[in-house]
Number of protein chains: 2
Amino acid sequence: MNAIIVKPPREEWSQLMQRPRIDAQNLEETILEIINTVKQQGDEAVKNYSLKFHGFAPDNLWVTPQEIADSSKTINKYLKKAILLAKKNIEKFHGQQVEKIKKIATSPGVVCWRKSVPVEKIGLYIPGGSAPLFSTLLMLAIPAKIAGCKNIMVTTPANKSGNVDPAVLFVANILGIKNVYKGGGAQAIAAMAYGTQTVDKVDKIFGPGNQYVTCAKKLVNMDGVAIDMLAGPSELAVYADNTCIPAFVAADLLSQAEHGADSQVVLVASNETIIKNVVNEIHRQLPSLPRKDIIEQSFLNRRFIVINKKEEAFDFLNEYAPEHLIIASQKAEQLSAFVKNAGSVFLGNLSPESAGDYASGTNHSLPTNGTAKTYSGVSVDSFVKKITFQKIIQKGINNIGPAIELMASAERLDAHKNAVTIRLKKK
Amino acid sequence: MNAIIVKPPREEWSQLMQRPRIDAQNLEETILEIINTVKQQGDEAVKNYSLKFHGFAPDNLWVTPQEIADSSKTINKYLKKAILLAKKNIEKFHGQQVEKIKKIATSPGVVCWRKSVPVEKIGLYIPGGSAPLFSTLLMLAIPAKIAGCKNIMVTTPANKSGNVDPAVLFVANILGIKNVYKGGGAQAIAAMAYGTQTVDKVDKIFGPGNQYVTCAKKLVNMDGVAIDMLAGPSELAVYADNTCIPAFVAADLLSQAEHGADSQVVLVASNETIIKNVVNEIHRQLPSLPRKDIIEQSFLNRRFIVINKKEEAFDFLNEYAPEHLIIASQKAEQLSAFVKNAGSVFLGNLSPESAGDYASGTNHSLPTNGTAKTYSGVSVDSFVKKITFQKIIQKGINNIGPAIELMASAERLDAHKNAVTIRLKKK
């Protein structure tokens, strides 16, 4: 599987597109037990599981205002400036996603519109684990605030000394989020889904996580709690033609692979030489990377494929439906017209995927595992319901009423018809 | 439960909001068997199940162009005109939901945008059963076409003579839908989810249905096929104050109740007299309605509640989060500012819910069972993915690159940092 695959026939595509398998079957029982225990015992259960799985049980799950304020002291000023730049760009991009109300007279006397109304209570899960993902808090809380959500809470694991990552708290602070709770894993998801003595029950849960978190999100979702999506391992596909810069392509593939052993990278190139040059660059860059071992494991899932014709290459990429797609070509903007399925697309040689992860302004919470065929990434839309309204006056019901009567009657719903008849002023 | 409930204390609200229970637990095994049989045997299984459950096995699942064309002959011209008016209004309202591309320079040299791209293959399920719901085909196919979906297919049961309802075919005809298949129930959902010899596998399945259809949608969704939503029994809540017209409120409650024995109607009025007047009107109108028996059964689930203060009344209604909400008041537009959770809202005494079912222009596929707290009804959004794009030039990567390097480094993702470093032209 790790050789260069040259011009694979279409009947072999689906096999090439298989994602690394995750065996989550026998997790459900364990996770369901955690969820039920949190449901019954509340805070106490969250603390016990935190001690068991993360080595620390906080006295109080709630992070105090003092702890949040103190976070500012431990972050250096350059990182603060960087975070503020990312915040500005994310705000600028997502600010454009707010839908204004447009009132539409569909018939004379009939006015319809839709209004975006924020989801009332939002819970954000921010993983701690191997890397504290403060960038994810920016990506989730900024669109939530733009959507108008008043009630945003965060759960995130504390480390063994009982502290939450200061960068996560710094982001919470600049975004005015007051409710941050120490708790990770399935127990944190359960706490937000059902509430505890300290943690308020939320309407919708957002955020990535390991397989335990994902399984917990799946189970609470089946029980009626809304979630953003079920995030699978991260993926990157790169399309490269002769105008790509192999060293850049190599760096992008390596950056994706460092996420985890189950991450997947796919390179579709218009000829074999490109791939050989990229592979040489990978060998040159890899040795100095701290996450070398993870990358090597992840690279077992890599696919390096030659497809000469660009139309066919994009057929392949659309069928794969990657979370991230880089078009490494000087003609990237032209080629982007071929994109039918992807989470986020990076155009040209100077648009690395890591720009979207942090600071270009687009969201990094994206559909994985082929779900980009039907799902979008997180946006302001994810934090609102779009409620439709209609206001009909006498002229309007006179105009459309007879049509409603006929259609209701044809569907054998006479009480529906009657609700109109009774309102029609017979002339 | 069926008396008038006057000023219920808040701690009793959650009990008053309970939806009629549906016991779907032991359906799953049966439905899973149907799905697996269709997966293995394809068309043959769909035919066998159609014979078993609907009393007819078509020779060919595909409805011929002749059958579609012939439908026009059996529909009277007034109903045709009514359908065309509804089509025009639905098109007008949903046409405004198309999002135009806005390119945003988040930082100098960094341009981001999002593009709505249609889901490629759409399957629409149109129930036949007790009433042929041609209006649902309008409500699903029109936004799909506006979204740009090229590949729209429909499954709908045939009657015992092997014919599909002519009004459904008439709507398919005027919308240019060429692929209509004879098949109802769980077997139709399975055919669209996995494909058969005749039926193409789709990416996303839409449409209402009975508990078998809903269970099948749930199971194929758990297996990775996207769906619109899991529709529960239909619901209507009415807020009525002294300026309501009790006869109209009664007609609306009756229209909702005729959907099925498991439908629910809730009336929240600002005083008891209103409810008494409405009840009198119900007794007057009910006897002449053909679906009297269904209505009486459904009325066992009704809730007639007095809450004097309007703020508190809307607190209750928001917590209930009804699929449909009528504000029966001359001050409806003012009061609509209180609405936080609802599928579709009908303002004033001349806006019956049945207007939204057929012809006002809004969509009638709406979130039920309290899911209006987090979900929206079907719209053009439901048929697209919003893919984000970014294009960065040298000036742009020079601008945001250092911030990305710092943030990636703080998250201990050095390969992410390196993908930027390699692109930065050091001055």
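**Close-up views of a two-chain predicted model**

In strand E3(A), the bridge partner of Ala105(A) is Val111(A). This is a predicted model, in which local features need pLDDT of at least 70, side-chain atom pairs count only at pLDDT 80 or more, and totals for chains, interfaces and linings use all residues. Residues are numbered from 1 along each chain as its sequence is written, chains are lettered from A and ligands numbered from 1 in the order in which they are written, and side-chain values use heavy atoms, with hydrogens and water left out.

**View 1. Strands E2 and E3 of chain A form a hairpin.** Strand E2 (residues 104-107) and strand E3 (residues 110-118) of chain A run antiparallel, joined by 3 bridges. Strands here are DSSP runs of E with at least two residues, helices are runs of H or I with at least four, and both are numbered from the N terminus. Two strands pair if DSSP finds at least two bridges between them. The hairpin has 2 residues between its strands, and Gly109(A) takes a positive phi near 90°.

**View 2. Strand E3(A) also pairs with E14(A).** These two strands run antiparallel, with 9 bridges between them. Look for Cys112(A): its bridge partner in E14(A) is Gln390(A). In a regular strand the side chains alternate between the two faces of the sheet.

**View 3. A strand pairing crosses from chain A to chain B.** Strand E13 (residues 344-347) of chain A runs parallel to strand E14 (residues 384-392) of chain B, and 4 bridges join them. Find Val345(A): its bridge partner in E14(B) is Phe389(B).

**View 4. Lys391(A) and Glu333(B) meet in a salt bridge.** The distance from N to O is 3.2 Å. The pair crosses between chains, from strand E14 (residues 384-392) of chain A to helix H14 (residues 332-335) of chain B. A salt bridge is a side-chain nitrogen of Lys or Arg within 4 Å of a carboxyl oxygen of Asp or Glu. Side chains of opposite charge can pair when their charged atoms come close. Across the interface of chain A and chain B there are 12 salt bridges.

**View 5. Chain A meets chain B.** Here 115 residues of chain A are in contact (heavy atoms within 4.5 Å) with 115 residues of chain B. Together the chains bury about 10,000 Å², 59% of it on carbon and sulfur atoms. Buried area is the accessible area (1.4 Å probe) that two parts lose on being put together, summed over both. Met407(A), Glu411(A) and Arg423(A) supply 8% of the area that chain A buries against chain B, more than any other three residues. All of the interface residues of chain A, 100%, are also interface residues in chain B, so the copies meet through the same surface.

**View 6. Chain A can be laid on chain B.** A turn of 180° and a shift of 0.0 Å along the axis give an RMSD of 0.0 Å. The two copies are thus related as by a two-fold rotation axis. The superposition is by least squares on the C-alpha atoms of residues with pLDDT of at least 70 in both.
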